[in-house]
Amino acid sequence: QKEVEQDPGPLSVPEGAIVSLNCTYSNSAFQYFMWYRQYSRKGPELLMYTYSSGNKEDGRFTAQVDKSSKYISLFIRDSQPSDSATYLCAMSYGQNFVFGPGTRLSVLP
Amino acid sequence: GAVVSQHPSRVICKSGTSVKIECRSLDFQATTMFWYRQFPKQSLMLMATSNEGSKATYEQGVEKDKFLINHASLTLSTLTVTSAHPEDSSFYICSARDPLGGLTDTQYFGPGTRLTVL
């Protein structure tokens with residue numbers, strides 16, 4: 001079992017849809033959870049980071065962490081074509097930092 | 001958020017030449033930087049972890065004599081691809097760790113360098 005699993009997609013949705021991106025992990029030691037967005041031929045951009053279980057909202061983005069289930073999610077409301085990118089989850093504890101493989105998202109106008 | 005720059009953004013070179021890529025943290029001091037490579041439509045692959053003032057730690061399968069890493073200051077790490085060959089053509093991305101008051105610990109990425117070896 002991989003340390004972090006993420007559905008690679010691709011995921012295609014119509015503009016305005018609610019998008020749910022998910023990751024599961026196996027190591028309960030992870031303490032910090034992050035979501036990155038990577039446009040084609042660009043470096044990943046940090047979108048959100050969370051520490052505790054629960055929800056964190058930033059504009060159209062909501063990050064959700066459920067430590068008991070070892071499950072994190074990123075929700076995108078009112079998705080836009082400009083949201084089309086690859087989304088990577090990441091998590092860390094101490095010196096350990098692990099990325100998910102990324103989910104390719106296409107938002108169709 | 002913290003800003004990381006990379007230079008050059010794109011390089012094309014002949015087989016057998018060496019290429020140096022610079023990674024700078026612009027508004028914070030990074031004791032640890034990371035180097036990744038990414039092939040088209042694939043995920044990031046960690047190549048090495050670079051700690052300021054010490055030798056880099058390479059991931060399994062990454063040749064340390066092929067990919068030379070120097071982290072001479074808290075804001076600069078360099079990756080030199082020595083005697084580059086076409087199979088080294090890839091997207092190279094650096095990142096820097098920014099511990100924020102000890103409460104969070106995340107990585108900020110540079111924009112990447114696209115290397116094409118002819």
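Reader: Is A:Glu57 buried or exposed?
Author: This is a predicted model, in which local features need pLDDT of at least 70 and side-chain atom pairs count only at pLDDT 80 or more, while totals for chains, interfaces and linings use all residues. Residues are numbered from 1 along each chain as its sequence is written, chains are lettered from A and ligands numbered from 1 in the order written, and side-chain values use heavy atoms, without hydrogens and water. Buried means under 20% relative accessible area, exposed over 50%, and partly exposed in between (1.4 Å probe, protein chains only). With a relative accessible area of 59%, A:Glu57 is exposed.

Reader: Which side chain does A:Glu57 meet in a salt bridge?
Author: A salt bridge is a side-chain nitrogen of Lys or Arg within 4 Å of a carboxyl oxygen of Asp or Glu. For A:Glu57 the N to O distance is 3.4 Å, and the partner is A:Arg77.

Reader: How many residues apart are A:Glu57 and A:Arg77?
Author: The salt bridge between A:Glu57 and A:Arg77 links distant parts of the chain, with A:Glu57 in strand β6 (residues 54-58) of chain A and A:Arg77 in the loop between β8 (71-76) and β9. Strands (E, at least two residues) and helices (H or I, at least four) are DSSP runs, numbered from the N terminus. A:Arg77 is partly exposed, at 29% relative accessible area.

Reader: With which residue does A:Glu45 form a salt bridge?
Author: A:Glu45 has 34% relative accessibility and so counts as partly exposed. The closest N and O atoms are 3.0 Å apart, and the partner is A:Arg37.

Reader: With which residue does B:Arg24 form a salt bridge?
Author: B:Arg24 counts as partly exposed, at 34% relative accessibility. The closest N and O atoms of the pair are 3.4 Å apart. The partner is partly exposed too, with a relative accessible area of 25%, and is B:Glu22.

Reader: How many salt bridges does a search of the whole structure find over all chains?
Author: Among them are the pair A:Glu45 and A:Arg37 and the pair B:Arg24 and B:Glu22. Over all chains the search gives five.

Reader: Which element gives the most to the side of chain A that touches chain B?
Author: The contact (heavy atoms within 4.5 Å) takes 19 residues from chain A and 20 from chain B, and there are zero salt bridges between the two chains. On the chain A side, β4 (32-38), β5 (45-50), β9 (85-93) and β10 (96-99) each supply at least two residues. With four residues, the element that gives the most is β4(A).

Reader: Which residues of chain B is A:Pro44 in contact with?
Author: A:Pro44 lies in the loop between β4 and β5 of chain A and, at 3% relative accessibility, counts as buried. Leaving aside neighbours within four places in sequence, its contacts in chain A are A:Tyr36, A:Arg37 and A:Gln38. Across in chain B they are B:Leu44, B:Ile93 and B:Phe109.

Reader: How many helices and strands are there in chain A?
Author: Of the 109 residues in chain A, 43% are buried. The C-alpha trace spans about 40 × 25 × 20 Å along its principal axes. Read along the sequence, the pattern is β-β-β-β-β-β-β-β-β-β-β, which gives zero helices and eleven strands.
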